[in-house]
Amino acid sequence: MTPLSDQELHNLAMNIAGKKLQEMGYEFVAVNSKLKKHPQFVLFKKGEPTVFVLVKATKNIQNPNEYDKIWMETFIQHAKTQNASVWYAGVGLANAESVEMPVFKDHPYYVAFEEFKRIYEV
C-alpha cells in the first residue's frame, strides 16, 4: 500500500472543494494546484466580488478549519489590494480504518469538509 504524498493529498482536497464551488455556481478564473502556492482558486460569479479560495488538506478531521492567523492576515492584505474576498477550505482527510494511519491510494478515507470559512468579505 502506498500512502498519498503531500501533493496528492492537496490535490484530493482541491477536488473536494472545487466540486462544491461548482455546485455553488462559481466559475474558475484561475486554478493553482501547486502545494503552498496561494490562492488555489480565483472565482467569478456575476454580480459578486472576486473570491480567493485557499485550500488546505489536514489530518485534523475534528477541526479542519484551523489555520495560521498571522499568515492569513498577510494574505488578506493582498486580497484587499485586489478587491477580493478570502475563503478558507480546510479539508480533513483520514484513513477510514484508523486515523493514525496515512491515507492510502485506492483505499477508503474520511472527509471532514462542509462549508467554506469566509475569512474576509469585500
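Among the elements that contribute to the lining of the largest pocket, α1 (6-23), β3 (50-58) and β4 each supply at least two residues. Helices (H or I, at least four residues) and strands (E, at least two) are taken as DSSP runs and numbered from the N terminus. A pocket is defined on a 1 Å grid over the protein atoms alone as an open set of points where a 1.4 Å probe fits, with protein on both sides within 12 Å along at least five of seven lines; lining residues have an atom within 4 Å of a point. The structure is a predicted model, in which local features need pLDDT of at least 70 and side-chain atom pairs count only at pLDDT 80 or more, while totals for chains, interfaces and linings use all residues. Residues are numbered from 1 along each chain as its sequence is written, and side-chain values use heavy atoms, with hydrogens and water left out.

The volume of the largest pocket is about 570 Å³, a volume being the space filled by probe spheres set on grid points that are joined across faces, edges and corners. Its lining comprises 25 residues, of which H10, L35, K56, A57 and T58 are the closest to the centre. Strand β3 provides the largest share of this lining, with five residues. By class, 16 lining residues are nonpolar, four are polar and five are charged; Ala, Val, Leu, Ile, Met, Phe, Trp, Tyr, Cys and Pro count as nonpolar, Asp, Glu, Lys and Arg as charged, and the others, Gly among them, as polar.

The buried residues of α1 (under 20% relative accessible area, with exposed over 50% and partly exposed in between; 1.4 Å probe, protein chains only) are L9, H10, L12, A13, M14, A17, G18 and L21. Their cover includes β1, β2, β3, β4 and β5, with contact meaning heavy atoms within 4.5 Å. After α1 comes G25, with a positive phi near 90°.

Two residues other than glycine also have positive phi. K36, in the loop between β1 and β2, has a phi near 70° and is exposed, at 71% relative accessible area. D106 lies in the loop between β4 (84-95) and β5 (109-112); its phi is about 60°, and with 83% relative accessibility D106 is exposed. The loop between β1 (27-31) and β2 (41-44) also holds P39, and the peptide bond from H38 to P39 is cis, with omega near -5°.
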